[in-house]
Every structure is written in structure tokens, then in C-alpha cells.
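User: I'm new to this structure and would like to learn how to read it. Could you take me through it step by step?

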Amino acid sequence: MRTIPATRRDVLTGATALGAATLLRLETAQATPASLEAAIRDVVGEAPLKEGRVKLAIPPLVENGNTVPLDVEVDSLMTAADHVRTIHVFNEKNPQPNVISVKLGPRAGRARFTTRFRLADTQTVVAVAELSDGTFHTARANVIVTIAACVEELG
Amino acid sequence: MRSIDIVLRCVSTSGFVLMLVLLDSLSATTDTRRSTYDDMSRDIRAMQDDDMANPASLWVNDGAALWSQPAGAAQMSCADCHGDAATSMKGVAARYPVFDAARGKPVGLEARINHCRKTRQQAPAFAPESRDLLALTAFVGRQSRGLPITTGDDPRLAPFVEAGRMIFERRQGQLNLSCAICHDHNAGKRLASALIPQAHPTGYPIYRLEWQSLGSLARRLRNCMAGMRAAPYATGSDEIVALELFLMARARGMATETPAVRP
Amino acid sequence: MARPIINVPAKARRGQVIEIKTLVSHVMETGYRHTETGERVPRDIITEFVCVYNDEEIFRATLSPAVAANPFITFHTLATESGKLTFRWTGDNGFSETGTATIEVE
């Protein structure tokens with residue numbers, strides 16, 4: 001059985017394409033708790049993060065943080081020469097910064113997935129995509145989680 | 001319910017003619033009843049509308065499997081008596097609780113399923129709120145989706161509907177609240193940031209995001225009572241069934257949404 | 001009981017991008033919750049989801065406790081040939097669930 005050949009280290013040794021205008025270094029990104037930054041660094045290393053090609057769709061205001069729709073799509077031709085290898089989603093204020101990581105490949109045809117996740121509080125969510133040329137692309141979304149009135153105690 | 005007068009002014013070629021039109025308050029244009037569905041976010045509505053995305057489908061599918069699975073000493077399945085649920089169960093959940101002549105009082109759908117289990121299948125009753133009971137209830141309820149609720153049509157239910165109304169309006173618990181204080185007098189406002197619904201149980205059993213699971217109307221009512229700091233009535237008790245009956249009867253004519261998704 | 005729900009188009013044209021939807025029953029207990037008496041509820045989650053299309057892995061997801069109960073995941077793939085898609089969810093406490101779907105590619 002073949003698996004999708006995509007590890008972070010493979011990519012880190014690859015080219016670091018520099019699009020200066022859209023370049024975003026983590027140091028200059030908006031302030032986030034250290035755990036979120038560490039989790040992102042664990043994936044991208046020292047590579048720069050570019051904005052623009054990742055679309056992260058989350059409702060801006062959710063009535064219950066237990067089940068929040070998440071939709072990530074990366075603008076990519078998804079060919080053997082140019083495709084998305086992995087997509088990672090992180091959060092800022094849950095107990096753990098990782099939400100989900102997926103492995104794709106040119107075989108996907110379209111670099112998009114959806115799921116539903118938990119948000120413990122109003123916070124920022126970050127998606128990072130790793131492309132076959134070794135570049136990393138990102139998008140952020142701010143989500144307001146409203147406070148539930150009638151919660152049931154855990155028995 | 002109050003009737004309201006609506007004045008329509010019509011223009012004719014010969015001059016102004018005033019026409020008074022009396023509209024019945026029960027007509028669709030003046031029905032102010034709302035399902036919580038109407039006030040949910042687009043995302044949660046989408047989750048309910050698409051069977052593939054609705055987590056309650058996991059229970060509905062289990063219920064479909066249970067429907068045709070022989071059980072108990074009798075080794076009979078629901079289907080052995082009731083056949084294809086798509087036909088035989090159409091509209092059934094939409095009329096529950098119904099009047100049970102043998103017991104002289106109303107009976108909810110869960111109790112009816114368990115009655116069948118004990119007497120026909122000769123199997124032990126499902127525990128309240130158990131996965132199998134919720135699954136069968138959701139599967140039976142799914143067959144009424146989109147159909148109008150008809151609960152309370154039977155005149156023998158009238159005194160029980162009234163008993164449910166009295167419980168609904170009675171202050172109880174340490175907070176000295178009644179159901180009606182929130183769900184009649186303050187419906188549409190917010191408690192914390194949650195919308196207070198009108199209490200029309202159109203989609204039970206529901207997948208409640210708060211629960212991260214499917215749950216019955218009884219669970220929701222008991223949950224509410226705990227919030228009022230009142231001692232919750234037991235599931236299946238006369239009081240809970242009367243409340244369920246009253247709430248379903250006042251949702252009469254509204255569309256069944258089972259299995260609904262709620263925040 | 002509680003079998004996964006999988007939606008794959010029954011038929012597709014060769015080279016067509018198809019959407020696959022999956023829904024699986026699981027509590028996804030985070031490991032961060034406590035009972036009324038203060039005891040921690042141990043973590044019990046699905047950690048991995050893999051989809052294989054005729055022996056080729058086409059999608060893999062690594063899940064954390066932040067994924068909602070009863071995980072719902074949708075993704076895409078190219079319809080390349082007729083055959084079988086196998087879905088496997090694995091997780092804590094030896095959890096393992098599989099499902100399959102067939103596709104006819106013209």
C-alpha cells in the first residue's frame with residue numbers, strides 16, 4: 001500500500017520561496033499564546049508563513065462551542081508538480097493547540113476538507129498548509145463563542 | 001388565542017372604499033409560534049437539514065437496524081408486526097403522547113415502544129435515555145419529518161393537557177420560577193447569551209450540541225427543572241408525560257423536525 | 001451497532017473530483033472534563049482516520065480532543081477507477097471502526 005509521501009522535514013529541506021509582499025513571519029504576527037506558536041513552529045520550523053492561498057471558513061459567532069463547523073480550502077492546482085501535502089488547524093485557547101492535521105496529495109483533486117470541532121472560548125483559529133514546493137501558507141479566523149445558559153452537569 | 005382585526009384600504013375607480021377584513025388568528029399569517037429552528041444560526045440549520053451532516057442520523061440508522069432485528073423470547077422484530085416503517089410509522093410520532101385507553105391516561109412514544117417490547121417481543125424494556133431506546137424513537141420520529149404535529153386531537157386528553165398547563169405555569173424550585181415565566185413571558189429574549197425559545201418541542205429526540213448526543217424531551221425538561229433548582233420529575237412520570245403532552249399539543253400544526261439539532 | 005455513515009457517489013466519470021462525507025459514532029471524551037465529584041474523565045478519542053481507495057491511501061487525518069463528538073469529516077478525491085474505498089477510524093482503548101463504499105467509474 002502506498003502512502004502519501006509528506007513529512008514536515010522533507011518539506012523543510014526544500015525551497016523556501018519568498019514572496020516578500022505577502023510574507024508573514026510569526027514574530028510579527030498577532031500575539032498568540034506560546035503554546036499556539038510552538039505548535040505551529042513544530043510544523044513549519046523556521047519557514048515563513050504566507051497569507052492569501054488558504055481559505056479558513058468558520059462561523060464568526062457560534063451558539064455552542066461543542067460543535068463548530070470548520071472548512072479549509074487551499075488554492076492549488078493539485079497536480080503532481082504543484083499540490084498541497086498537509087493542512088494543519090490550530091487553536092489559541094483550548095487546552096491543546098492542535099485541532100486536526102490532514103494529509104493530502106495530488107490524488108485529492110481538490111485541497112479542501114471540512115470537520116466539526118470544539119472551541120472552549122472566544123479565540124483565534126489558525127490553518128497552515130504545506131505545499132509540495134516546500135512553502136507554508138496560512139489563514140486565521142476569529143470566532144466568538146457565546147455563553148450557554150442551560151448546561152447540564154456531568155453526572 | 002386573540003383574534004386581530006386587519007383593515008385593508010382598497011382603491012376603486014369610483015373612489016375610496018374601506019373594507020374591513022377579519023382574519024382568524026389561527027391562520028398562517030398570524031401564527032406567531034416559532035420553532036427554535038427559525039432562530040438558530042444558518043450552520044446549525046444546515047446540520048439539521050442534511051441527513052449526512054446531522055449527527056442524529058447515527059441513531060436513526062441504529063433504529064432502522066433495531067426495527068427489523070428479532071428480539072426477546074418471542075424472537076419478533078418491530079417489522080414483523082408493523083412492516084415497512086416508512087408507511088406504518090408515517091405520522092405516528094407526530095401524534096404522541098396519545099391516550100392509552102387501557103391505562104386511562106396518556107402515554108409517550110418511548111413508553112409505547114417499551115410496551116411493545118415487553119408484551120409482543122417479550123424482551124426487557126429499554127432503560128430510559130438508553131441508546132437503543134433513543135435510536136428507535138428517532139427512527140420512528142424520522143418517519144414523521146415534515147408532517148404537522150397532531151398531538152391533543154383526542155378529546156379524552158383534554159384534562160391531561162390542562163394538568164400539563166398547570167405544571168407549566170406553576171412556580172417551583174429555589175428560584176421560584178415557572179416554565180411559563182421564561183418560555184411564554186420572556187421567549188425571544190436572552191438568558192446569558194442563549195435565546196429563550198417558545199417551548200415547542202417539534203424535533204425530539206434532538207441532537208443537542210450542549211449534550212453532544214441525542215436526548216429525549218424528558219431529558220430536556222429535567223435539565224430545565226434542574227436549572228430552576230427544582231426537583232426534576234422522573235422520566236415517564238405522570239407529571240412529565242402531562243408536560244410533554246401540553247407542549248406537543250400547543251405545537252399542534254407545526255412541522256415535525258425529528259431528529260432536530262439544537263444548540 | 002452505530003455503524004459509520006459514509007457517502008461516496010455510486011458513479012463518477014474518470015478524472016472527476018468527488019466529495020466524500022463520513023460520520024462516525026464516538027464520544028470524543030477530551031480527558032479534560034471532571035465529574036460532579038471531581039474525578040477526571042479519562043481521554044477517549046479517535047486519533048486517526050484513513051481512507052484507502054483500491055490499496056492507495058488517499059486521505060489521512062490525525063485528530064485531537066478538539067474534534068467534536070461523533071466526528072464528521074469530508075474531503076475530496078479523483079475518481080480514477082472502479083473499486084472499493086475503505087475507511088478506518090482508530091483511537092484510544094483499542095477503538096477501531098471500519099466502513100467501505102464502492103464506486104463505479106466510467
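User: Let's begin with chain B: into which domains is chain B divided?

Analyst: Before that, a word on the model and its labels. This is a predicted model, where local features need pLDDT of at least 70 and side-chain atom pairs count only at pLDDT 80 or more, while totals for chains, interfaces and linings use all residues. Residues are numbered from 1 along each chain as its sequence is written, and chains are lettered from A and ligands numbered from 1 in the order in which they are written. Now, domain bounds come from an automatic or database domain assignment. Here that gives chain B domain 1 (1-32), domain 2 (34-54 + 150-262) and domain 3 (60-142).

User: How many helices and strands does chain B have?

Analyst: Helices (H or I, at least four residues) and strands (E, at least two) are DSSP runs, numbered from the N terminus. In chain B you'll find 10 helices and nine strands.

User: What share of the residues in chain B is buried?

Analyst: Burial is a neighbour count: a residue is buried if 20 or more other C-beta atoms lie within 10 Å of its own, exposed if 12 or fewer, and partly exposed in between, with C-beta atoms placed from the backbone. Of the 263 residues in chain B, 39% are buried. With 13 other C-beta atoms within 10 Å, B:Lys118 is partly exposed.

User: And how do I read contacts? How many residues does each side give where domain 2 of chain B touches domain 3 of chain B?

Analyst: Two residues are in contact if their C-beta atoms, placed from the backbone, lie within 7 Å. The C-alpha centres of domain 2 and domain 3 of chain B are 22 Å apart. Their contact draws 21 residues from domain 2 of chain B and 20 residues from domain 3 of chain B. On the domain 2 side, strand 8 (213-215) and helix 10 (238-250) of chain B each supply at least two residues. Helix 10 of chain B gives the most to that side, with five residues.

User: What classes of residue make up the side of domain 2 of chain B that touches domain 3 of chain B?

Analyst: For classes, Ala, Val, Leu, Ile, Met, Phe, Trp, Tyr, Cys and Pro count as nonpolar, Asp, Glu, Lys and Arg as charged, and the others, Gly among them, as polar. That side of domain 2 of chain B has eight nonpolar, eight polar and five charged residues.

User: Now for helix packing. At what angle do helix 2 of chain B and helix 6 of chain B pack?

Analyst: Axes are lines fitted to C-alpha atoms, for helices over the stretch in contact, and angles run from 0 to 180 degrees between N-to-C directions. Helix 2 (residues 57-67) and helix 6 of chain B pack at about 95°, with axes 7 Å apart. Angles under 35 degrees count as roughly parallel, over 145 as roughly antiparallel, 65 to 115 as roughly perpendicular and the rest as oblique. So helix 2 and helix 6 of chain B are roughly perpendicular to each other. Among the residues that meet are B:Trp59 and B:Trp67 in helix 2 of chain B and B:Phe139 and B:Arg142 in helix 6 of chain B. By class, this contact has 10 nonpolar, one polar and three charged residues.

User: Which residues make the contact of helix 5 of chain B with helix 6 of chain B?

Analyst: First the geometry: the axes of helix 5 (residues 109-119) and helix 6 (residues 131-142) of chain B come within 10 Å and cross at roughly 110°. Helix 5 of chain B contributes B:Leu109, B:Glu110 and B:Ile113, and helix 6 of chain B contributes B:Leu133, B:Leu136, B:Thr137 and B:Val140. That's five nonpolar, one polar and one charged residues.

User: Finally, how many residues do chain C and chain A each give to their contact?

Analyst: Chain C gives 28 residues and chain A gives 31. Strand 5 (56-63) and strand 6 (72-78) of chain C are the elements that give two or more residues to the chain C side, and strand 5 of chain C gives the most, with eight residues. As for chain C and chain B, 11 residues of chain C are in contact with nine residues of chain B.
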